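Keep the 3D view open as you read.

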Amino acid sequence: TQQALDQSEKLRSLGELTGGIAHDFNNLLTVVRGSAELLRSKTLPPEKRDRHVEAIVETADRAAELTSQLLSFARQQPLQPKQLDFNALISGMTALLKRSLGGGVSILNTPGSNLWNVRADPTQLENLILNAAINARDAMSGSGALTLTTANVRGENGEEVCLSISDTGCGMSADVIARAFEPFFTTKGPGKGTGLGLSQAYGFAAQSGGRLEIASEVGRGTTLSLYLPRAVGAKDVGNLAKIDSADAAL
Ligand code: ADP
């Protein structure tokens with residue numbers, strides 16, 4: 001079947017990638033091991049100790065990003081859509097986003113009021129937001145602002161909720177925008193990008209009945225906009241507790 005062919009094509013490309021990924025992963029392990037080795041010294045001054053600990057945490061996070069992208073790409077996890085509120089999901093991620101972006105990037109949150117619910121897989125949605133934030137961090141090289149905006153939209157696609165993620169980074173040329181959703185397309189150096197983030201986000205948006213758009217200007221920044229249809233009907237029973245209980249206000 002077409003689906004089986006698509007799947008085997010994906011697995012083949014994944015196989016081709018494996019060598020490169022293993023190499024990148026090994027590099028990361030080398031950083032972790034080196035820092036751990038230095039931490040063994042009993043006479044290390046506290047500032048140095050902190051720096052090595054920080055390096056281990058950051059590198060481990062990077063390695064986890066790499067494997068989770070690969071796993072979800074290879075596995076094509078079935079989506080588990082739930083009815084949810086973008087604002088609550090975002091405020092539940094604030095601490096994670098702050099940690100991923102580092103101190104030089106400020107996070108602005110402009111939640112739309114009376115926001116409609118959407119129906120989407122919360123884990124995949126969090127992945128998409130985290131990925132976009134990491135792309136923004138890379139584009140801003142350490143300082144700038146990340147703005148998360150939500151709004152109800154009524155247009156030619158009916159009633160939708162829009163989440164836009166804007167950065168004040170380097171922006172993308174028309175050529176890069178044209179290819180950004182291609183799997184394995186990356187402009188980042190070896191060991192830095194997999195080129196899977198945006199292609200996966202694109203697929204997820206489409207599978208969720210929505211769409212993903214890029215607006216970008218070189219030297220000014222990038223806005224990634226995710227549109228999902230307004231959810232109709234009753235809320236699921238047993239919705240994620242984390243999302244239900246999160247306070248929508250930042
Ligand atoms: P990766 O981040 O691993 O390179 P992605 O699919 O997430 O893979 O992104 C593909 C490419 O799109 C990146 O390599 C980069 O050139 C470009 N890109 C994505 N997000 C941004 C952004 N916020 N600002 C500038 N360029 C971006």
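## Helix H7 and its end

Glycine 209 follows helix H7 and has a positive phi, near 85°. Please bear in mind that the model you are viewing is predicted.

H7 itself has several buried residues: Gly197, Leu198, Gln200, Ala201, Tyr202, Phe204 and Ala205.

## The sheet

Now turn to the strands. The model has an open sheet of 5 strands in the order S2-S4-S5-S7-S6, and the pairing is mixed. Strand S2 (105-110) and strand S6 (211-217) are the edge strands; each has a single partner strand, so one side of each has no neighbour in the sheet. From one strand to the next, the twist averages 20°. Helix H7 (residues 197-207) packs on this sheet, where it touches S6 and S7, and its direction makes about 140° with that of S6. Another helix, H4 (residues 94-101), lies across S2 and S4 and runs at about 150° to S2.

Let's follow S5 and its partners. Strand S4 (residues 144-155) pairs with strand S5 (residues 158-167) in the antiparallel sense, over 10 bridges, and a hairpin of 2 residues joins S4 to S5. S5 also runs antiparallel to strand S7 (residues 221-229), with 8 bridges joining the two.

## The nonpolar core

The largest nonpolar core holds 35 residues, and Ile165 and Leu226 have the most contacts inside it. Two or more residues each come from helix H3 (86-91), H4, strand S3 (118-120), helix H5 (122-140), S4, S5, H7 and S7. Which element gives the most to this core? That is H5, with 7 residues.

Leaving aside residues up to four places away in sequence, isoleucine 165 touches Ile129, Ala132, Ala136, Leu146, Leu148, Thr223 and Leu224.

## Around the ligand

How many residues surround the ligand? There are 23, and the closest are Asn135, Ala139, Thr186, Gly193 and Gly197. H5 and H7 are the elements that give two or more residues to this shell, and the largest share, 4 residues, comes from H5.

By residue type, the shell around the ligand divides into 9 nonpolar, 12 polar and 2 charged residues.

## Two loop residues with positive phi

Finally, take a look at two loop residues. Asparagine 114 is not a glycine, yet its phi is positive, at about 50°. You will find asparagine 114 in the loop between S2 and S3. Is asparagine 114 buried or exposed? Asparagine 114 counts as exposed because it has 5 C-beta neighbours inside 10 Å, and 12 or fewer is the cut-off for that class.

Phenylalanine 184, also a residue other than glycine, has a positive phi near 70°. Phenylalanine 184 is in the loop between helix H6 (174-179) and H7. With 14 C-beta neighbours inside 10 Å, phenylalanine 184 counts as partly exposed.

Conventions: Residues are numbered from 1 along each chain as its sequence is written. This is a predicted model: local features need pLDDT of at least 70, side-chain atom pairs count only at pLDDT 80 or more; totals for chains, interfaces and linings use all residues. Two strands pair if DSSP finds at least two bridges between them. Axes are lines fitted to C-alpha atoms, for helices over the stretch in contact, and angles run from 0 to 180 degrees between N-to-C directions. Two residues are in contact if their C-beta atoms, placed from the backbone, lie within 7 Å. A nonpolar core is a set of buried Ala, Val, Leu, Ile, Met, Phe, Trp, Tyr and Cys residues joined through C-beta atoms within 7 Å. A residue is buried if 20 or more other C-beta atoms lie within 10 Å of its own, exposed if 12 or fewer, and partly exposed in between; C-beta atoms are placed from the backbone. A residue is near a molecule or strand if its C-beta atom, placed from the backbone, lies within 6 Å of it. Ala, Val, Leu, Ile, Met, Phe, Trp, Tyr, Cys and Pro count as nonpolar, Asp, Glu, Lys and Arg as charged, and the others, Gly among them, as polar.
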